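Open your viewer and get ready to select some residues. This short tour tells you what to click on next and what you will find there.

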Amino acid sequence: MAAAKSEPTRILILGGGYVGLYTALGLQKKLRANEASVTVVDPQPHMTYQPFLPEAAAGAIEPRHVVVPLRRVLKRCHVLTARVTGIEHERKSVTVEAADGHTEQLSYDVLVVALGSVARILPIPGLAEQGIAFKTIGEAIYLRNHVMTKLDEAASTLDPELRKRLLTFTVVGGGFAGIEALAELEDMTRFATRYYENIEPDDVRWVLVEAAGRILPEVRETLGVWTAEQLEKRGIEVYLSTAAKSFENGHVQLSDGTEFESDTIIWTAGVKANPVLAGSDLPVDKRGRVQATAGLQIVGHPDAWTAGDNAAVPDLSRTEEDPTATCPPNAQHAVRQARHLAKNIIRVLRGGQPKDYFHKNLGAVASLGLHKGVADALRLKIKGFPAWVFHRAYHVKAMPTFNRKVRITIDWLLGGLFRREVISLGQINNPKEEFARASKS
């Protein structure tokens, strides 16, 4: 009598971002029939390609095109739309909260922790009430509508002080997320003023606040200085070595004594590992990241894996200069780690040994608005239009799925022919209110 066939290995992936999506894609491509089942858990039914959020917010790309629907591309995986609230690896159990509010326990044989990062909120008065984060497509759409609505309100008011407040936009954080959001949105507002008879480009005030002494720490210092100079030439106020002290009621107070009114506070001042990890029984470092081996296994747990922003992965390319160095939390490492992780899981499932992850950072590139950019890549310093072209080429190549690559490229081509869209899709009117009002008429 033939022996009964063993059950497929249950692989549970927590998170559907870069790491979750690329790991699942790698597994569904390489796994044999009935070798393993793969379940991906994420509160959103899509993966967001975050480097394109600034262009989505500024109207250069259709927002739907910078997200990848998980169920559409992960056809051989199970996708569960739920939020992870607890991890007990000793029991091989994960607690999740579904969209309708109920909780359930998920069991597994192999765990992949890819929960990523969340915005790092500092205890600054007024920040929680006034701040707008910039990590999700929903926040990008909201921010675009918010900024355009402020232009509409400013064009309508007769109060000069209120008008000045409405047209003052503040960005906190001088890393890639902050600089790209600032540059793209400033470009958009300057373009949009041509459609307002009573708003001139000089009426719009953009302010950048950075606590460190430089911006864009991901590139060499000379390029950071050049970028700051370019922003200032566009009329953007740049405050370096300056901390935000208060945002209460939209009244901005900075550590150098500067004070002004602003109806828009965009917060991009850093991220932290998903706080769920701190309450788990997995080993974490002082920054709350899961401790990983160079093979991407969680330290002390060969049946658990991790990568991306929530993982402290040894950076083997820098161990000679710093033995404790870990890979920086960026998209470049997350994508490559995920592909490597999927291969390692397959190796271990088939009785092999995982291989160490090694990748030397190729550099960084940022868009500074239409036809403007900066890049520190392949040991080259690239500025202006060539850097902008390099930025678009690199990221469309890295964008998951051929479908999204084509759609984004078409968005760019159409934008070149017809210019960007500068329209607010309703922060003033509440469609439910309008519906209720109509029902009473």
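Which residues do ring pairs link into a cluster? Select Tyr18, Tyr49, Phe52 and Trp412: ring pairs link these four into a cluster.

Before going further, a word on the model. It is a predicted one, where local features need pLDDT of at least 70 and side-chain atom pairs count only at pLDDT 80 or more, while totals for chains, interfaces and linings use all residues. Residues are numbered from 1 along each chain as its sequence is written, and side-chain values use heavy atoms, with hydrogens and water left out.

**Stop 1: aromatic pairs**

A search of the whole structure finds six aromatic pairs. Rings of Phe, Tyr and Trp (its six-membered ring) pair if their centres lie within 6.5 Å; planes under 30 degrees apart count as stacked, over 60 as edge-to-face and the rest as tilted. Zoom in on Phe52 and Trp412, an edge-to-face pair with 5.7 Å centre to centre and 75° between the planes. Phe52 lies in the loop between strand E3 (46-48) and helix H2 (53-57) and Trp412 in helix H11 (residues 402-418), so this pair ties together parts that are 360 residues apart in sequence. (Helices, H or I with at least four residues, and strands, E with at least two, are DSSP runs numbered from the N terminus.) Both Phe52 and Trp412 are buried, meaning under 20% relative accessible area, with exposed over 50% and partly exposed in between (1.4 Å probe, protein chains only).

Now select Phe169 and Trp206. Their ring centres are 4.7 Å apart and their planes are at 25°, so this pair is stacked. Phe169 is in strand E11 (residues 168-172) and Trp206 in strand E12 (residues 205-209), 37 residues apart. Phe169 is buried at 0% relative accessibility, and Trp206 is buried at 2%.

**Stop 2: two helices**

Show helix H1 (residues 18-30) with helix H9 (residues 331-349). What residues of H1 meet H9? Among them are Tyr18, Val19 and Tyr22, and the H9 side includes Ala331, Ala334 and Val335; contact here means heavy atoms within 4.5 Å.

**Stop 3: positive phi**

Finish with two loop residues. Asn34, in the loop between H1 and strand E2 (36-42), has a phi near 65°, a positive value in a residue other than glycine. Asn34 is exposed, with a relative accessible area of 52%. His371 lies in the loop between strand E23 (363-367) and strand E24 (373-377), and its phi is also positive, about 70°. At 41% relative accessibility, His371 counts as partly exposed.
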